[in-house]
Amino acid sequence: MEDEVDRLVAAWRRERPDLDVEPLEVLSRVSRLARHLDRARRLAFAEHQLEPWEFDVLTSLRRAGAPYQLSPGQLLTQTLVTSGTMTNRIDRLAKKGLVERLPDPTDRRGVLVRLTAEGRDRADQALAGLLDQERAILARLSRAQRADLAALLRQLTAPFDNIPG
């Protein structure tokens with residue numbers, strides 16, 4: 001079965017036979033898949049009235065376990081945004097009643113961000129919807145193929161995820 005990347009690679013091989021375009025066979029597919037996944041994620045989250053960034057913050061708190069709270073700094077680490085962006089996101093989520101700010105008992109100047117019951121419900125429902133979308137995307141692959149693909153992708157992503165600093 002031919003895909004758009006096959007056509008793209010064939011065109012480059014015809015136009016630039018002097019270049020080794022083999023990396024495009026993998027990474028162009030990863031890039032195209034990322035765009036398709038982004039669309040699927042947006043649809044899954046929209047069904048629960050969430051933006052992707054809202055899902056990221058809410059599920060970071062949900063994964064923390066009871067009492068579902070983290071410091072803004074911990075949220076920064078998990079979501080890879082600036083502190084100004086995180087402050088804005090926390091404000092917006094608090095206004096929607098999905099998180100609340102609490103004083104940090106270990107730091108008089110610090111705060112903790114805690115998931116509200118509504119925030120927890122929305123995160124749980126959106127995650128279930130996302131997993132349904134992602135299962136459908138992976139349905140053509142066997143369990144063994146999914147495991148192999150996960151292992152190969154881990155080899156590519158691990159160096160990026162483990163850069164100090």
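Pro67 sits in the loop that links α3 (52-63) to β1 (69-70). Helices (H or I, at least four residues) and strands (E, at least two) are DSSP runs, numbered from the N terminus. This is a predicted model, where local features need pLDDT of at least 70, side-chain atom pairs count only at pLDDT 80 or more, and totals for chains, interfaces and linings use all residues. Residues are numbered from 1 along each chain as its sequence is written, and side-chain values use heavy atoms, with hydrogens and water left out.

What's up with Pro67? The peptide bond leading from Ala66 into Pro67 is cis, and its omega is near 10 degrees. For background, most peptide bonds are trans, and most residues other than glycine have a negative phi.

Now for two residues that aren't glycine but have a positive phi, Gln49 and Leu80. Are they buried or exposed? Buried means under 20% relative accessible area, exposed means over 50%, and partly exposed is in between (1.4 Å probe, protein chains only). Both Gln49 and Leu80 count as exposed.

| Residue | Phi | Loop | Relative accessibility |
|---|---|---|---|
| Gln49 | about 55 degrees | between α2 (22-46) and α3 | 51% |

On to the strands. β2 (residues 99-104) and β3 (residues 107-115) run antiparallel, joined by six bridges; two strands pair if DSSP finds at least two bridges between them. Together they make a hairpin, with two residues between the strands. Which residue of β3 is the bridge partner of Arg101? That's Val113.
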